[in-house]
Every structure is written in C-alpha cells, then in structure tokens.
Amino acid sequence: MSLCGGWGHQIDLRKPYFVEVADARGIGLCLSTDGEGAEVEFFYSTSRQERACLPLKLIRRAYLARQTRVYYRLDDERWRMGRIRDYLLEDDGTVTYEVRAPNHDDRDVPESSLRVRCGAYGGDPAEVLALGAAETQRWFDARWPARESLIALEEAAQGLTGLVSASVEIVGHQADAVRRILHDPLQRYLLADEVGLGKTIEACAVLRQTLIDDLNATALVLAPDGLVGQWARELDEKFGLSSSCEPRLTLRGHSDLDGGVQQASLVVVDEAHRLIHGAKPHESLARLARGAEKLLLLSATPVIGHEAALLGLLSLLDPERWAGEPIARFRAHIEQAQEYGRLLLGLRPDASAFVLKQRVAAARSTFADDVFVKAFAHEFESTADLETKKRIAGRLRDYVADTYRIHHRIIRARRSDLEGWEFQARGPATLREEEDDDRALAEASIALEDWRAQARLHAHAAPETASAIQKRYASLLLAVAAGAPVQSHVPDLFPGEAELLAAIEDAQGADVAERRAAFIASIAQRHLRFLRGPSLAAPKLVVFSSYPDLLPQIARALKATAGLAVFEGRADSSAISAFRAAGAPAVLLLGRAGEEGLNLHFADAILHADLPVDISRIEQRIGRLDRFGRTKGPIRHIIVSPAAEDHTPWSAWLCLLRDAFHIFNHPVSDLQFVLQSIEGEVLAGLLDGPSAAIGLTSEVQTRIGVERTRLDEQYALDQLALSRESARDLVEAIEAAEADEADLENRVDAMLTKTLQFKRSDLGGGMFNLQWSRETQLPERPWAEKFAGAFQIPLTWRRRVSLTHPEARLVRPGSAMIDALQGLLDWDDRGSAFATWRFEPGGGRPGEERLAFQLCWIVGPGAMDASLLRDGESGDALRRFAQSLSPRWTFTQHVGPDLEPITDPAWLSALQRPFRPEAADEGGRDYNLGSRPDWLRSVVDRQSFASLCVSVRDNALARLTASPEYLARLEAGRLASMRALERRVRRRTVQAGAHPSHALEREAQLDEMVAAAVECPKVRLDCVGAIIVAGHVPRGRL
C-alpha cells in the first residue's frame, strides 16, 4: 500500500477508492463522503465484510502496491483472487489496476471493484471454500507444516519466546525464573541469584519478551556505571537488542538517576541494593518504580546482615505490603523464615520414617493455626506406608515453602543447589606454585618485612590506624608480587614510613617489570608444554595480572615463541572469540578489568601472576572459567610468588585460600559478605606475621561452616520453591522440540523462500541471510517493514552456531523473522482454503471421482477478555500461564462427502501427498480447482458443494470435541489447572489471614480467568481443502 495526501484531507471522487485507516483495520474502501465523515467498507474475507462511518481525520488516500493480493467478482458473482502487477491513474483520479489471476490470467480491474484484506483476519476457511474462493494447494503445503512446527516449539517453551530465540544456552534455573515472571500478570520481581548464575540473562529475556509482546512498550536498564557496557554487549550479542537501533530501549548508569531518567514500561535495576540507603530507596528510583508497569530488581545481597537493604527493595516491589514496615518487625520475619527453613531441611525425601514423624509433628506445632498443615499432618499419620508418608511429607514441605516465604516475588538460586544439575563441581583442582628467585625481588621482600615490623608496632600502639595500615600492607604485598613499582610518595601512616617505602622501591630496581614479565612468560610457556598432549593439541591458558602495564611486556616475551597465539589484555568479544578459536596453544592476558563478566569456560588453566588479598577477586578470576557449560574438568592453577626458604606472607595467604577457604575446589560467592569481615581478620593476621595468618585456618573453616548452615536454613524456603523437576521438564521439552533443527528449517524455510520467495544467500557455517526481492509474494507495505529486522543480517537455525557467532541471530519464535511470519500467517488466508483435482491413473472414469476434505485445527485455551485487566496487568502473561497448563495443539482430519472420517491407509496416503503441478513418473498430476471452477461443478454443483463444506466443518468439529484425544487433553489441562491454582488458593488463604490486601483478592480473580480459559478451549479451523481424486482430467483448458 502506498499513501498520498494527509489525514483528514477530503478527496472529491465519485467512485469508491482505497483509504488507509488510523486503527488496526489498516485499509478499506471509501464508498462515500459527506464533508465530515466517510463510509468505509472493510473486507475481512470473502465470507465477511463490514461497513463503518469514520471521521475524515482518521482516513487518507491509499494506493495498492505491486504484489498486493486482491479479491474481485465478475458477472458470475464468484470471488476471484489475484495480485497487483501495475496500475494506471485515470483522468478522474481513480485507479485501474492490472491484476494477475492464477495461471497468468491478466485483466484490468477498476479499484472500485477490488477488495483488499484489512488488518484483522476474521474469515472462516470453510466458508471461503464454500464460496469458491479457494487457492492452490501449494500455499497450504507450505503454510500448515510451518504453522505446526512453530506452534509445537512455542508451546514447548511455554510461550517464553524472548528466551528461546536468544543466543543462549537454555539453563534450567534461568528458564524457570523467566517462566515465573512471564506467567505472572503482575511482573514485579527481585532476582536474587548468587553471583554468576545468570541474573542478567534472566532480566534480558524478560526485557525482550516485553518488547515482543507490546510494540508500544519501552524498557529502561539502570546499571552501575562500570557495567553499562557489559549490559549493552549482552543485549546486543545474545538478544539482538541495541539501544542505538531500538528506540524503545534505554541504558543508563546509576549516576544518571541524579540527572533525571525518563519513565518506561519496564524498569530493570542491576545491583539495586546500591541505590537503597538504610531501608529507603533513592528518590528517583522510587519514582520510576511507582510509574513502571513492570519492575525487575537485581541484587545478590544476602538476607542475613542486610535486612534493611532487602526491606527497601521489597518496598519498591510491593509498597502495599512492605512500605512502612518497621525494620525490627522485618528482622523478626527473617528470623522466623530461618526457623521454618531449619524445619524443612529435615523433611527430605531420603529421611527415615522416625525423622519424618518428628518433623511433621514439629510442623503441626509451628503452624498451629494453619488448617492446611493440620490436614497434611493428619493424612501423614493416617497411613502406615512409608512411600506414601514420604509423598505427603514432600507435599507439606512444598506447601510451607510456597506459603511462608518472605515474599513470593523473590527468585533466588544458589550454586550449591545446582551442582550436579547444571554445574559440575569445581574441584579437585590442580595447584602448582612457581617461586621467582629473582635476587632483587628477594631484597624487596626483605625491605617489605622491615616495613611490616614497624607498621605492626604502630598498629598495636595506635589501634585507630590499624585498618588503614592493613589495607596498605595488602597493596604492598600485591605490588611486590605483581612486579609493580611501589608508590613511595604517599602520606605517611606512621613515622619513618617514607624511608621504608623508598627502600622497597630501591630494592625492586628500575627494570622490575621487565624481569617479572620475562619470568611469567617462561612459566606460561613451560606449562603450555605440560598441558599439551594427544587429547589437547591447543591448550588455552589465561594469565591474570593486577598490573596492566606488565601485560604488553609479557606479550612481547611470549610472541617470540613460535607456534603460540597470544592475545593481549583485551576483554572485547572479538578477542575472546579469537582466543577460543585458536588452533595452536594460546594465551589470553587479562588485567583487573578482565576479572569480571567474561565467559572463558573453554579454557584449561589460570596463571595467577599475583594473588590479591581479596577473596572476591580470586573468586571472580576462577569464575571466568568455572561457569555453566564447562566440560573440561577441574581447572589447573599456576601461582607465581616470590621465593623464600620459610613461610612468606604470600605463601601464608595461599595456604589460607587452599586450606581454609577451599576456594580452588568450592565457590565462595555465596559467602561474599561474611568474607569481608573474615578478610579483615586475615589482614590483621598477615600483619602479625605468616605464622599468625596460617594459625587462623581452623577458625576460618569454622566460621565458614556456621555461615553456610545459616544460609541453608535461610534460603531453604526459596530453594524448595525452585522446582528442579519442573525446570528440567521445561528444558527437556525445549530441547526435544529443537532436536531436529534441520526439519524445523525445512518446514519453515519452504514458506519463506519457495512460497513467499524471499531471496536466501548461504553464508557458510550454518548461517544465511534473507532479502526482499522483486519476486517476493507480498506487498511491500506493510510487510517489507515488518520483516526488515531480519534482512541483511546473518541468521541461523542452529543454536550452537548462534552461541559461537554472536553476529548471527537465532531463528525461533520470538525472532524478528518468525514473529513477522507468524503475524503474516494470522493475517493472510492464502493456503487456508484450497481445492485440488488429483489425477491418478486408474483412479476412476467420469462419474467415479472420489471427493474428500482435509481439515486442520488449532486447539488451545479460550480467549480472555482484555477489558477486564487493570493497568499494569499483562494479558500475555495470563495467556502464557493458561497455555502452560493446557498447551495449544494441532489436529488434522480427513473426511468423506458422507461426513465419515477416512481411515483406509491407501486412501489417506493418496490424500496426504503434497501438490504436484507437474506430471509424476507414474503419470499422476495435480490441478488447482480455484482457477477451474467448472471442473469442480462437473462433480458437484455449486450449491451442494457450499452446503457440504459447512456440513463437513460442523460435523468434523463435533467429532473432534468428542474424540478421546481432545477429552484426554481437556482433562489433563483441568487437572494441571486445579493443582496449580489450589496451591495458590492455600497460600492466599494463609497470607490474607495475616496481611489482607487488595493484591491477593485481585490475584484470585485473575486465577479464575485462567481456569475458565482452560475449561473452555478455543477450537479454530486454520485450513480446509477439498480434493477430488480421479483417473481422468476433464476436457477443456488445463
């Protein structure tokens, strides 16, 4: 459709003409105007048209573009179809269009006699077929296989198209978190996964789904200033979203809040706890949270010890419940949740009958006023069968976890709960210490020991300076070990310090960095030789150094080695991709910036050029390799340190890391905040000397054990709410639907390239791109714009290719290409009604033709009235939730003219063959009856055929809804709905008793809408075809 003139401009034409309408209907035929308004006819299908009076300001003149599909009738009143080839502007301002009908039957038709489908499809394929407006079966052969495959994949993903179309590995706990959010009509959540478990991926998937669901939605991401670039890369490379190309997406740093940030539909806040002061959120953040329809707060801040920050976050999510909550009362909630967690940890499936009996009795006592707990306990006590008791105890545990959590919109996953499920164990690691016996380094170590002795005396004499002295000692330890010049020109912390610092600097020597770089390079070369073997021809070594100026010197030394690939201190995606793809032994050199955000799970070993006295930095380094997707086994660590005969502060720190923190074998990210206080004690111990530091080993082990027990109890409610089985089922369903990517490609690609005739260019490596061409069987307006997001960019059907080639976009429901195609299939009725004459040698003489019908149905939850939704409530979320309980499915029937189903295998085989426009080897051939109505009338007259089409549809629908498959699926949906909603009813009953709220009442109303949609499925006829099989071809034009 092309446009001319502005909105509201009256055009003085005596004949009907096409106009664009400023609503979803898009285009109509203006029949008349009266100076203020216009009467417009809208064409939905050959069986449905409507007229409406519209103000002139809502319409403007429109012209039909080439390839626009049009409908028209001639003297016989039969609807015909064709495509615009050209046009002629007449003297009176109207247009005559050249229309090409099937079989290249061209004719000129005035626009007043043409009709064009408006933007909303409202046709019944059976009525279209009955009116004689059928298309060629070739369109059906492309349409239905694509439709079936895409429905199956979308239902397997439970509607999470923003996730399934992303270039990411589908991970259970992440998919479960995204599902919980996107199945909730009120999407306000705290994502509280431990560091490294993928909160960013979860938030990006929700963000992308928001923009997919609503073309008017906007999204704002607020991240710490230093992480804005990382967010931009994640959104672009994995989710195909760039703020420079997507005007609805805005990325800002935390510091931008002070300057004012524009409101958005969805607000995502990373490291949200940084914007909470006490229990009070940043004023601008509170404003954004109030105005946002959807809110995601990301924070790994643990509950224990940070109650005020958590309360501040919850007040943003649910102000009705938490705003104004006294901090003392909130701490009591936390302590109570920990008590509940301690109880639930004993309700394990592997517990003995005696332990289960104790725990069930404790639950009855703890929740004395809870009628549901009483019912579970009574049921448990009423059976003697141990397996039954375990199942009841499991249901009790799930109920308490779901009902008595601090807030059901907190989503939290821990690495310890996922090991053996999604992550392999970190250890046992291989650890090798390499001592540098450089003489100048030894002298610098002695000078540093002189500084330590004086600093220790001053710290004991003036305790108020101890903290600053300990921090300076940590920086000096790092500088000497890293080969970095000691900064002697700093304010003294104690008398005489300047001379001591200068002595360290003098001992290091001017060429300290050059010597240190040469030693590190030699160690790297030697260990690459050790790593290399028959099963590892191209080992990958990552070198971390806290001194960035050292990296170029290490690189120069390494590059002198033949057959070694070296990548210098760059943390961008191209360097990482090249490092991963290197076919020779390779080294990646990274400074402190490379300790965060990178995924190096494919690497083999880490060389620590230094060991910062900072647990979080060591954990971040190891976390670059120890991530989801690692299959190479435990990581090898090489630690470079100054040499000495006795214990040094560096060797003492390594002993603590290995024996007390066990950091090389077990992650410590869950302990990140308690570790801060432990580090202070370790620094004090190091200042007292290596032996004092090593003496802390037992105490550190005990404190870590106690802290982990507390965390287990605190997070038990959240951990149990993370359904491993449900998440596994979701991931397995997606993987099964994606298993045959080649078949998926063939089914959908046939529609895109062979039928719609997009031009495909193969790029190699499983990648391709598509382009609009002159032969594309669509009008440029609006479809060129709708498909534009998929043109001129690399595409792939293979998830593995998208993971290794960030520039390639994965083709799945949710991608620009598939969403545009789905919209086209919903709007375009081509292929929804077809009529075929199937010539089969020996298939019968004139009068012996056999007529059959093929009907293709889509069944799913019934529609929900969007007008009943309130501001901030997502109808798409309700639809996804309903479909997760009762997934959409497809059903195909073959019916004879006697309305009976066809079951004969040979007859079905003849009917199920794709359209054959050319003669087959055995002599058979198919003909399109849409352009040969007289052939159809030679078998059945027009009126009888029209009546038969309607009867076949109605009878087939009745058989479908009475079929065992339909009834079984309906019952499965009802049971799933009942189980899911009953759990929510129990939770609401208890919570409403303690804290009545309008939100709980509204949740119950929305659940009723979902239950009604599941109980009353929608059955829609997507395609219907009539097939005549005969052993002859009627005389006349072929």
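Contact here means heavy atoms within 4.5 Å. Helices (H or I, at least four residues) and strands (E, at least two) are DSSP runs, numbered from the N terminus. Residues are numbered from 1 along each chain as its sequence is written, and side-chain values use heavy atoms, with hydrogens and water left out. The model is predicted: local features need pLDDT of at least 70, side-chain atom pairs count only at pLDDT 80 or more, and totals for chains, interfaces and linings use all residues.

**Exercise 1. Get to know the whole protein.**

Task: Describe the protein by its elements, its extent and its surface.

Solution: 
- Step 1. Begin with the elements: there are 36 helices and 33 strands.
- Step 2. Look at the extent: the C-alpha trace spans about 110 × 75 × 65 Å along its principal axes.
- Step 3. Turn to burial, where buried means under 20% relative accessible area, exposed over 50%, and partly exposed in between (1.4 Å probe, protein chains only). Of the 1038 residues, 54% are buried.
- Step 4. Take the accessible surface (Shrake-Rupley method with a 1.4 Å probe; for residues, only the protein chains shown count as cover). This surface comes to about 43,900 Å², and carbon and sulfur atoms own 50% of it.
- Step 5. Check the contacts: among those between residues at least 6 apart in sequence, 74% join residues at least 24 apart.

**Exercise 2. Follow helix H19.**

Task: Which residues of H19 are buried, and what covers them?

Solution: 
- Step 1. Locate H19 at residues 550-559 and pick out its buried members: Leu550, Leu551, Ile554, Ala555 and Leu558.
- Step 2. Look down the axis, using the arc of the directions from the helix axis to the C-beta atoms. The buried residues of H19 fall within an arc of 135°, so they line one face of the helix.
- Step 3. Find the cover, which includes H16, helix H18 (512-531), strand E21 (565-567) and strand E22 (586-590).
- Step 4. Zoom in on Leu550, a residue of H19. Its relative accessible area is 0%, so Leu550 counts as buried.
- Step 5. List what Leu550 touches, not counting residues up to four places away in sequence: Ala482, Ala513, Arg516, Ala517, Ile520 and Ser545.
- Step 6. For a sense of distance, compare Leu550 with Ala956: they are 406 residues apart in sequence, and their C-alpha atoms are 77 Å apart in space.

**Exercise 3. Visit the largest nonpolar core.**

Task: Which residues have the most contacts inside the largest nonpolar core?

Solution: 
- Step 1. Recall the term: a nonpolar core is a set of buried Ala, Val, Leu, Ile, Met, Phe, Trp, Tyr and Cys residues joined through side-chain atoms within 4.5 Å.
- Step 2. The largest one has 97 residues, and Trp451, Leu607 and Phe661 have the most contacts inside it.
- Step 3. Helix H16 (residues 466-482) supplies the largest share of this core, ten residues.
- Step 4. Leaving out residues up to four places away in sequence, Leu607 touches several residues, among them Ile520, Leu541, Phe544 and Val640.
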